[in-house]
Amino acid sequence: MTVAFWCVFIACLLPIVMAWVCGYFRAKQFGKVDNKHPRLQYAQLDGPGARAYAAQQNAWEALPVFAAAVIIAHLAGVDPAKSALAAQVFIVARVLYPIFYIANKDVLRSLAFLIGLGACIALFVMAA
């Protein structure tokens with residue numbers, strides 16, 4: 001399996017890890033995690049918990065774009081070293097994204113988002 005494919009695997013894990021982080025904030029804010037009505041509890045989060053949930057949702061939204069970019073680059077025969085670099089940049093940006101989001105560092109969060117998006121665009125451009 002290529003480095004870029006391993007990065008897709010890591011990207012698949014990011015929203016799941018964020019769900020665990022959200023569980024921490026749900027327990028902290030409400031005293032327990034309501035597993036019977038989790039979406040209702042998510043909707044009531046505020047502060048860092050709400051931002052963690054938003055970061056989790058964004059991780060799900062970014063995943064198909066990244067996966068498509070990696071697969072298309074692979075099918076187009078892009079140099080594996082170049083696609084690996086772009087994929088690793090995406091992963092670093094996407095790991096930093098929720099950290100900045102939860103810490104309420106909006107400019108850094110937006111920068112991490114743009115870097116991740118740029119890595120996906122780079123993969124598509126290399127495949128062209």
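1. Contact between α3 and α4. In this predicted model, helix α3 meets helix α4 through P48, R51, A52, A54, A55, N58, A59, A62 and F66 on the α3 side, and through A87, F90, I91, R94, Y97, P98, Y101 and I102 on the α4 side. Sorted by class, this contact has 14 nonpolar residues, two charged and one polar.

2. Geometry of the two helices. Two packed helices are described by the angle between their axes and the distance between the axes. Here α3 covers residues 47–75 and α4 covers residues 80–102; their axes come within 8 Å and cross at roughly 160 degrees. Angles over 145 degrees count as roughly antiparallel, so α3 and α4 are roughly antiparallel to each other. Their crossing is right-handed.

3. V65. This residue lies in helix α3 and is partly exposed, with a relative accessible area of 37%. Leaving aside residues up to four places away in sequence, V65 touches C120 and F124. V65 and I121 are 56 residues apart in sequence, yet their C-alpha atoms are 9.3 Å apart in space.

4. Aromatic pairs. The structure holds six of them. One of these is Y24 with F25, an edge-to-face pair with 5.1 Å between centres and 75 degrees between planes. Y24 is partly exposed at 49% relative accessible area, whereas F25 is buried at 14%.

5. Y97 and F113. This aromatic pair is tilted, at 6.4 Å centre to centre and 50 degrees between the planes. Y97 lies in α4 and F113 in α5 (residues 106–127), so the pair ties together parts 16 residues apart in sequence. Y97 is buried, with a relative accessible area of 5%; F113 is partly exposed, at 34%. Ring pairs link Y97, Y101 and F113 into a cluster.

Conventions. Residues numbered from 1 in each chain as written. Predicted model: local features only at pLDDT ≥ 70, side-chain atom pairs only at ≥ 80, totals over all residues. Heavy atoms only, no water. Axes fitted to C-alpha atoms, helices over the stretch in contact; angles between N-to-C directions. Helix = DSSP H or I, 4+ residues; strand = E, 2+ residues; numbered from the N terminus. Parallel < 35°, antiparallel > 145°, perpendicular 65-115°, else oblique. Left-handed = near helix turned anticlockwise from the far one by under 90°. Contact = heavy atoms within 4.5 Å. Nonpolar A, V, L, I, M, F, W, Y, C, P; charged D, E, K, R; others polar. Buried < 20%, exposed > 50% of the residue type's maximum accessible area, 1.4 Å probe, protein only. Phe/Tyr/Trp six-rings, centres within 6.5 Å; stacked < 30°, edge-to-face > 60°.
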